[in-house]
Amino acid sequence: MTGTAGAEPIRLLVGDGDGDGAAPTFDRVEELLAEAERSVEIFMFVWRNDEIGNRLGRAVLAAARRGVRIRIKKDVAAVMYERIEMNRKSFFHLPLPALRRWKFRVFGLTFPDTYVEDDFDDEVGAAVMAHPNVEIDWVNHTHTKYYIFDERVMLTGSINVEDRHRGYRDYMFEIVGEEHVRRFRERDAGSVELDPEREIDFLLNRITTDGHEFEIKPRMIEALDGAVESVYIEMAYIGDPDISQAIVNATGRGVEITMLFSREANIGDDINWRALHEICRRAPVQVVITDKMIHSKLILIDNRRVIAGSANVSVFSMRKAVELDVVVRGLPQFLESVRDESRRRVAESHPVESPGGLKPYNRVLAGLQQLHQWLT
C-alpha cells in the first residue's frame, strides 16, 4: 500500500454520475481491504443494506477473518436516511426508541419518494457486527466519511456506502503516507493547529467533552475572503447565511464565482433553491445546473487551493455536525486534476443566464427542511 515513486501523496477518485460513477472509490476500498494486514478504521455516515453495502461488508468480513482489527464508527441519525430513502434498509441493525422513529416519520414527509424494492437481508451485516475482530462505535451528530488502512493509506471525501452514489457526481481523495495519517490523527485529537503552509492538512468540526470545536466554517470564510480571481463551488447542500454572505462579498471584490448545482437535490431541494435565490439576488454568481445529483462538497479557490470533504455549506454541516475536510495547496498534479474535472462538469451542464432562470421553491417545505437541519 505504497504510492508510486515521485507521485504526489494525494489523488482524486472521481464519482462522475455515469451510472457507476463511484466505482473507483468502491473498487479501491475493496482492494485496500484485501491488502490490509493489521488494522482498518471506517467512519461512515450512510451504510445502506444494498448491493454496494453488502459488497463492502463482505470485504470487511474477509479482512476480519484474516485477523485484521476493524473499527467502524457509524452515525445514528443517518439511520433515518437509510430507512426513509431507497430500499429503506440499514446494513447495521440498530433498534431505535419510539421517539426517534416518530421523528423519522415526521421529517420523512419532506423527502421525495425514492423507494426501490430488493431482496437483501441482514445476513452479512449481522455477521460483521458479530465478528470478534470488529468493533462498532455508534456516534451522533456526525457526517464524516473516511477509511484508514494500516495507518498508511487514507480515503476521505463525501461518498457514502450505497448504490445510488454510482449515479451521483462526487469525490473521494486517496492520501498515501504514514506522515499524513499521523497528521490527521493529531488534528483530530486537537493536539496541533492547522498549518496553512502544509501541502495537505485537515479541517475538522469536533465535539469533545469540553464542547464544540467547529473550525471548518471560519476557515472556509477566511478562504473565500482571501480569494483574488475565482472561486468554483460544487456543493450538495447550501444555506448557511454566513457562507452565503462571504460568497456575495467575494463578488463585490470582483472575484468570479461559479456554482455547480443539482437541478433537484435528493433531500432539502427547496432550502437549497431558497438559499441560491438569495445569493443570486445580491450577487452576479454564475450558476450552472446539472441533471445529475451533485453530492460533492468542494471549493476551488484561485485554481490554487482546494477545500473538500464531507462538509456542505449548510446549517447542519457548519453548525451542528462533526465533519472532515482536506485542504490541499502546492501540488500541481492534484490541482490540475480538480481543475480538469470541474471544467468537464461545467461543460456538460447548463448555465443559468439570469436569476429569473432559477428554479422556484416551496417556502413551507424550505422552512420544514431548515427545521430538520436544526433539530438533527
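Visitor: Which residue in S11 is the bridge partner of Ile 233?
Guide: Met 259 is the bridge partner of Ile 233 there. Keep in mind that this is a predicted model.

Visitor: How many bridges join S10 to S11?
Guide: Five, between S10 (residues 230-235) and S11 (residues 256-262), and the two strands run parallel.

Visitor: What's the strand order in the open sheet of nine strands?
Guide: The order is S9-S8-S16-S15-S14-S10-S11-S12-S17, and the pairing is mixed.

Visitor: And which strands stand at the edges?
Guide: S9 (211-214) and S17 (350-351). Each has a single partner strand, so one side of each has no neighbour in the sheet.

Visitor: Switching to S2: how many of its residues are buried?
Guide: Five of the six residues in S2 (residues 39-44) are buried, so to speak a mostly covered strand.

Visitor: What is S2 joined to, and by how many bridges?
Guide: Six bridges join S2 to S3 (residues 69-75), running parallel. In that pair, Ile 42 stands opposite Ile 72 of S3.

Visitor: Now helices. At what angle do H1 and H2 pack?
Guide: About 15° between H1 (residues 23-35) and H2 (residues 51-65), with the axes 9 Å apart. That angle makes H1 roughly parallel to H2, and their crossing is left-handed.

Visitor: Which residues make the contact?
Guide: From H1, Phe 26, Asp 27, Val 29, Glu 30 and Leu 33; from H2, Ile 52, Arg 55, Leu 56, Ala 59, Val 60 and Ala 63.

Methods
Residues numbered from 1 in each chain as written. Predicted model: local features only at pLDDT ≥ 70, side-chain atom pairs only at ≥ 80, totals over all residues. Heavy atoms only, no water. Axes fitted to C-alpha atoms, helices over the stretch in contact; angles between N-to-C directions. Helix = DSSP H or I, 4+ residues; strand = E, 2+ residues; numbered from the N terminus. Parallel < 35°, antiparallel > 145°, perpendicular 65-115°, else oblique. Left-handed = near helix turned anticlockwise from the far one by under 90°. Contact = heavy atoms within 4.5 Å. Pairing = 2+ DSSP bridges. Buried < 20%, exposed > 50% of the residue type's maximum accessible area, 1.4 Å probe, protein only.
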